Amino acid sequence: MKLVDEEMTSRLPERRLRLRRKTDVAPTAARMNSKVVQELQIKDRIDIVVARKKKLELSVIPVDDVPPNEVHCNESTLARSGIADNSIATIRASQGVNTDE
């Protein structure tokens, strides 16, 4: 049982959030709620994972006016990655390691 506890504490916090396409966001950035950024221990970059496949790594801009259950990304960036508006994705702090399998 101790192994399971150690494994759970070493994982990064993550949440499933809704991705929204926005035209006023830079192509390499994502806007997130400031409290969620703190909760997920995000320093400067996030990994966006849809259907267990890493899709994007973007720099994060903490903003208070973004709803806590949303991540605002550039419209064309999401379209190029094949991600639809209102998609649910797992968001976590980026470790700079490619997790594609």
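Student: So helices (H or I, at least four residues) and strands (E, at least two) are DSSP runs, numbered from the N terminus; what pattern do they follow along the sequence here?

Tutor: Read along the sequence, the protein goes α-β-β-α-β-β-β-α-β, which comes to 3 helices and 6 strands. This is a predicted model, in which local features need pLDDT of at least 70, side-chain atom pairs count only at pLDDT 80 or more, and totals for chains, interfaces and linings use all residues. Residues are numbered from 1 along each chain as its sequence is written, while side-chain values use heavy atoms, with hydrogens and water left out.

Student: Where is the confidence lowest, and where is it highest?

Tutor: With pLDDT being the predictor's confidence in each residue, from 0 to 100, the lowest mean is 51, in helix H1 (residues 2-10), and the highest is 98, in S2. Over the protein the mean pLDDT is 88, and 86% of the residues reach 70 or more.

Student: OK, now the strands: what do they build together?

Tutor: They form a closed barrel of 6 strands, in the order S1-S5-S2-S4-S3-S6, with mixed pairing. The twist from one strand to the next averages 45°, where axes are lines fitted to C-alpha atoms, for helices over the stretch in contact, and angles run from 0 to 180 degrees between N-to-C directions.

Student: Which strands does S2 pair with, and is it parallel or antiparallel in each case?

Tutor: Two strands pair if DSSP finds at least two bridges between them. S2 (residues 29-33) runs parallel to S4 (residues 53-63) over 5 bridges, whereas its pairing with S5 is antiparallel, over 3 bridges. On the S4 side, Ala-29 is bridged to Ser-59, Met-32 to Pro-62 and Asn-33 to Val-63, while the partner of Ala-30 in S5 is Cys-73.

Student: And is S2 buried or exposed?

Tutor: Buried means under 20% relative accessible area, exposed over 50%, and partly exposed in between (1.4 Å probe, protein chains only). S2 is largely enclosed by the rest of the structure, because 5 of its 5 residues are buried. For the protein, 39% of the 101 residues count as buried.

Student: What about S3 and S4, how do they meet?

Tutor: S3 (residues 45-50) and S4 pair in the antiparallel sense over 6 bridges, and one of the bridged pairs is Val-50 with Lys-53. Their hairpin has 2 residues between the strands, and there Ala-51 takes a positive phi near 55°.

Student: Switching topic, which residues touch the most others in the largest nonpolar core?

Tutor: A nonpolar core is a set of buried Ala, Val, Leu, Ile, Met, Phe, Trp, Tyr and Cys residues joined through side-chain atoms within 4.5 Å. The largest one has 21 residues, of which Leu-19, Met-32, Ile-46, Ile-48, Val-71 and Ile-91 touch the most other members. Two or more residues come from each of strand S1 (14-22), S2, helix H2 (34-39), S3, S4, strand S5 (70-74) and strand S6 (88-93).

Student: Which residues does Leu-19 touch?

Tutor: Contact means heavy atoms within 4.5 Å. Not counting residues up to four places away in sequence, Leu-19 touches residues including Ile-48, Val-50, Val-71, Cys-73, Leu-78 and Ile-91.

Student: Last one: where is Thr-77 placed, and why does it count as buried?

Tutor: Thr-77 belongs to helix H3 (residues 75-80), and it counts as buried because its relative accessibility is 6%. Leaving aside neighbours within four places in sequence, Thr-77 is in contact with Pro-27, Leu-56 and Leu-58.
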